[in-house]
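Have the model open alongside as you read.

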Amino acid sequence: MTKIDNLKKERKDIAKTYSGKKIKDTYIDGVIKNFQDIQYVKIKDIIEETNDTKSFILVPDEDKGTRELASFRAGQYISLKMFIDGDYTTRAYSLSSAPNKINKGYRITIKRVPNGLVSNIMLDDMKIGDGLTISRPMGDFGYNKVRDEKNVIGIAGGSGITPFISLAYEVDAGLDDCNLTVFYSVKTEDDIIFKKEIEYFNKHCKKVKFVMTLTREEKPGYLKGHINKDMIEPYIKEFNTVLMCGPKALYKTMNEILGEFNIPRKCVHYENFMVDFLPIEEKTYELKVILKNDFKICECKSNETLLVAMEKAGIKAPSLCRVGICGYCRSVILDGKIKMIGGNMEKALAQNDYIHPCITYPESDVVLRLDI
Ligand code: FES
């Protein structure tokens, strides 16, 4: 039996017999942190962008001890932490404000999601003056002068425009030395978020251009239809970097188009805030979560992630990005069959049964060790 096999057997034994007594487990190496570097903010302003989208201007909540906001790079996001009816959850939102004008606050922009829990609370219930708890800015989406080519093509769908507005401010301020062309696809003119700012950039900033296309109506000043090869071709140079933010379906179509321009995969970068997975059969499994000094048992449906199941059960599982990238939720699976969709878990860690619960779906009863 190899060392790993032994380890797995030991873990299975713990999983079967564990009854809540404090155990010594040397396998979790403390990678799971608390919701670190939190910032307390207040809503300074709420701006109605479209009929289903609002922007929130967040400034430090000095009464709670946050004196200034952490700086950020265009393309980064913050994770918003919320307690809803006693349950705890997080959501990631890109910052859409100018990184060099942090004294004016952060701006996050939220679009209504059908049955969306946090987005709908933000849109319907939050008022100016309300307090929020957020993480420091995180993520590495955006322009990176060491990695990227100077000709940057942005592809945005719907609220995926947010990081590009922030990037446009950065380029406009001379903080990034690149030429940015953003293709922005929405259904109708009324769905355009940041219309005035886009018009400003198109008029005043030589290094930034937004090309807007409407998929459901024809209007002067806009292209018609989904972003396609003919629209992009005039802006492609010998070397390009492509940044995409929007629905997964957009990524699929764009990858096919980019293949025709022979743009290498390593020059294409994506922002992801959603994991798509639909199991063939909907089932309900038992999820046993072994905590530092306790354990909890809850239900987990085959179409919900282990993270969502824990949140519904009131377990304060750590999370930030919710798409398997930041590593905050990393934990160990002690028993059971699971399916992890995407993410960036290192191979060696995956072989040692580390998982990201935010992108992991159960395929049997599961026992999970969470170091909280
Ligand atoms: S919350 Fe970021 S990896 Fe799971």
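Strand β1 (residues 39-50) and strand β2 (residues 53-60) run antiparallel, joined by 8 bridges. Within that pair, Lys-42 has Val-59 in β2 as its bridge partner. A word on terms: strands (E, at least two residues) and helices (H or I, at least four) are DSSP runs, numbered from the N terminus, and two strands pair if DSSP finds at least two bridges between them.

Before going further, note that this is a predicted model, in which local features need pLDDT of at least 70 and side-chain atom pairs count only at pLDDT 80 or more, while totals for chains, interfaces and linings use all residues. Residue numbers start from 1 along each chain as its sequence is written.

Back to the strands. β1 and β2 belong to an open sheet of 6 strands with antiparallel pairing, in the order β4-β3-β6-β1-β2-β5. Its edges are β4 (87-94) and β5 (106-111); each has a single partner strand, so one side of each is left without a neighbour in the sheet. On average, neighbouring strands here are turned by 40 degrees against each other, direction ignored. For such angles, axes are lines fitted to C-alpha atoms (for helices, over the stretch in contact), and the values run from 0 to 180 degrees between N-to-C directions.

The other open sheet to look at has parallel pairing, with 6 strands in the order β10-β9-β8-β7-β11-β12. At its edges stand β10 (223-224) and β12 (268-271), each with a single partner strand, so one side of each is left without a neighbour in the sheet. Helix α6 (residues 248-260) packs on this sheet and touches β7 (151-157), β11 (241-245) and β12, its direction making about 165 degrees with that of β11. Strand β9 (residues 208-214) is held to β10 by 2 bridges, and Thr-213 has Leu-223 in β10 as its bridge partner.

There's also a hairpin: β13 and β14, with 4 residues between them. Ile-290 is bridged to Phe-295 in β14. Here are the strand pairs side by side.

| Strand pair | Sense | Bridges |
|---|---|---|
| β1 (residues 39-50) and β2 (residues 53-60) | antiparallel | 8 bridges |
| β9 (residues 208-214) and β10 | parallel | 2 bridges |
| β13 (residues 284-290) and β14 (residues 295-301) | antiparallel | 7 bridges |

Zooming out, the protein chain has 8 helices and 19 strands.

What about the nonpolar cores? The term covers a set of buried Ala, Val, Leu, Ile, Met, Phe, Trp, Tyr and Cys residues joined through C-beta atoms within 7 Å. The largest has 47 residues, and those with the most contacts inside it are Ile-78, Ile-108, Leu-287, Leu-306, Val-366 and Leu-368. Helix α7 (residues 306-312) gives the most to this core, with 5 residues. Domain 1 (3-30 + 279-369) and domain 2 (39-134) both contribute residues, so the core lies between them; the domain bounds come from an automatic or database domain assignment. Another core lies apart from it, with 38 residues, among them Tyr-169, Val-208, Cys-245 and Leu-258.

Tyr-169 is also one of the buried residues of α3. That helix (residues 162-172) is mostly covered, with 10 of its 11 residues buried. Just after α3, Gly-174 takes a positive phi of about 80 degrees.

Which residues other than glycine have a positive phi? Phe-194 is one, with phi near 65 degrees. Phe-194 sits in the loop between β8 (179-186) and α4 (195-204), and is buried, with 24 other C-beta atoms within 10 Å. Asp-353 is another case, at about 70 degrees. Asp-353 is in the loop between α8 (347-351) and β17 (354-355) and counts as partly exposed, with 19 C-beta neighbours inside 10 Å.

Last stop: Met-340, in strand β16 (residues 338-340). Met-340 counts as buried, with 21 C-beta neighbours inside 10 Å.

Notes:
A residue is buried if 20 or more other C-beta atoms lie within 10 Å of its own, exposed if 12 or fewer, and partly exposed in between; C-beta atoms are placed from the backbone. Two residues are in contact if their C-beta atoms, placed from the backbone, lie within 7 Å.
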